[in-house]
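Hi there,

Here is the structure I promised to pass along. Have a look, and then read on for what turned up in it.

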Amino acid sequence: MVKVQNILDILQGIAPLDLAQSWDNVGLLVGNPDSRVTSILLALDPTTSLLAEAERCQAELIITHHPAIFHPLKSLRSDRPTEKFSHAAVQAGIHVIGCHTNLDATSGGVNDVLAQLLHLQETTPLLPDGREYCGKKTGLGRIGMLAEPISSEHFLEQLDAVLSPPWLLEAGSRPAKVAQVAVCGGSCSDVAATALAAGADVFLTSEIKHDVARWAEEAGLWLLDGGHFATEYPAMEGLRQLLVARMETAGLEVQVQCAQQEPPLRLAAGKSR
């Protein structure tokens, strides 16, 4: 019988808990490590519609990138948006694991998937944490080289093709050629100066702050905002593949599938200059 603890042990081999940022909340957040698991549902965000999907596909365990419990809870009420997911998970007997910044930092995690989709080579962490896992340096973000320099317009076409973002916002001037690319899935605009100092021609992230966008104009860095969801969602399929491979090696028979989620933000209107 496969238990929740078996899955936690395998996740520890993929994205060790100690790679998570100090402010994060990862690991088993709801449930019992001794309970049986036959089916797992992976998702970016913990939502009540995700719980409904888990019940439809008879998944006893949900693994989300964004933690179901992030800030300390003083109550667990079904009528409050930040608490209703965990309340419903307890009621449904569904276990919930958070795999957040440890998945961002680890080899093969969120940022490696993003770099691979853009065909970056010789990638290294943009913010190395001084550690190695499975022979590879860990840390947030990635910076790497394209096989050959391409125009900024061609880079945008590739980006749109692999991520299908609901929007692409830009700040700073476009370079004549893009050769070195920095990425950081999720909200990492504060890392823009690090990307520039590392030699990036472009930095892809999301939720770029106004002052950082103005800074990019002055500093001469091309900044791209592809949205939080679009820059992280592809990592869920990457995590599924890693889990399946590790469980096959361990001889564990558990079904693993990714939920189909949509970004919470949509482009309601807009125009380009």
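A term you will need first: buried means under 20% relative accessible area, exposed means over 50%, and partly exposed lies in between (1.4 Å probe, protein chains only). This is a predicted model, where local features need pLDDT of at least 70 and side-chain atom pairs count only at pLDDT 80 or more, while totals for chains, interfaces and linings use all residues. Residues are numbered from 1 along each chain as its sequence is written, and side-chain values use heavy atoms, with hydrogens and water left out.

Aromatic rings: the whole structure holds three aromatic pairs (rings of Phe, Tyr and Trp, the last by its six-membered ring, with centres within 6.5 Å; planes under 30 degrees apart are stacked, over 60 edge-to-face, the rest tilted). One of them is the edge-to-face pair of Trp-23 and Phe-70, with 6.0 Å centre to centre and 75 degrees between the planes. These two residues are 47 apart and link distant parts of the chain. Trp-23 sits in the loop between α1 (4–14) and β1 (27–30), and Phe-70 in the loop between β3 (61–64) and α3 (81–92). Helices (H or I, at least four residues) and strands (E, at least two) are DSSP runs, numbered from the N terminus. Trp-23 is partly exposed because its relative accessible area is 49%, and Phe-70 also counts as partly exposed, at 35%.

On to helix α10: Glu-248 and Thr-249 are exposed, whereas Ala-235, Met-236, Gly-238, Leu-239, Leu-243 and Met-247 are buried. Just after α10, Gly-251 has a positive phi of about 75 degrees.

Enjoy exploring!
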